[in-house]
Amino acid sequence: MDFRVRASTKEDCRDISRMIMELAVYENMPDQVKISHEELERDGFCQNPFFECLVAEVPEEHKSKDGKGIGKSLLSKVAAVGKEKQCARLNLSVLDWNTPSRDFYAAKGAQDLTDSEGWHFIRFDGKNLDSLANEAPKD
């Protein structure tokens, strides 16, 4: 293995932000990215972090090679961390056209619940999130 999976640090946030944008571009949704590296630093490395993140350290000479198992290793590490924290499941969101990712997850044993259980991924954002929050009871 020419890489190492580790917990992220505050110093990784610029690269994490860049990778979020690269994924959004791949998914044809760059306008959906609303978080900066400063917000990642604030939200992920505070006293009560909103998220945890893993990164793969890859030597520069190996960065251009595909198929080294980095994605599988990251996914497996996320599962291991979840098991350590006594999580019962790992949920992922995958766009319907992203067949390579859907096939990869299926090959690892993931179930696509869209048809079998009828689950839908629901989102509130922008004005709708504001409106919902404004309906909250006052303390």
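**Exercise 1: Cysteines**

A search of the whole structure finds 0 disulfides, a disulfide being a pair of cysteine sulfur atoms within 2.5 Å. The model is predicted: local features need pLDDT of at least 70 and side-chain atom pairs pLDDT 80 or more, while totals for chains, interfaces and linings use all residues. Residues are numbered from 1 along each chain as its sequence is written, and side-chain values use heavy atoms, with hydrogens and water left out.

Task: State how far away the nearest cysteine sulfur is from that of Cys-13, and decide whether Cys-13 is buried or exposed.

Solution. Step 1: the nearest cysteine sulfur to that of Cys-13 belongs to Cys-53, 7.7 Å away. Step 2: Cys-53 is likewise in no disulfide. Step 3: Cys-13 has 0% relative accessibility and therefore counts as buried (buried is under 20% relative accessible area, exposed over 50%, partly exposed in between, with a 1.4 Å probe and protein chains only).

**Exercise 2: Positive phi**

Task: Locate Asn-28 and Gln-86, and classify their accessibility.

Solution. Step 1: Asn-28, with phi near 60°, lies in the loop between α1 (13-26) and α2 (37-44); helices are DSSP runs (H or I, at least four residues), numbered from the N terminus. Step 2: because its relative accessibility is 61%, Asn-28 counts as exposed. Step 3: Gln-86 has phi near 65°, a positive value in a residue other than glycine. Step 4: Gln-86 lies in the loop between α3 (70-84) and α4 (99-107), and is exposed at a relative accessible area of 73%.

Note on methods:
Helices (H or I, at least four residues) and strands (E, at least two) are DSSP runs, numbered from the N terminus.
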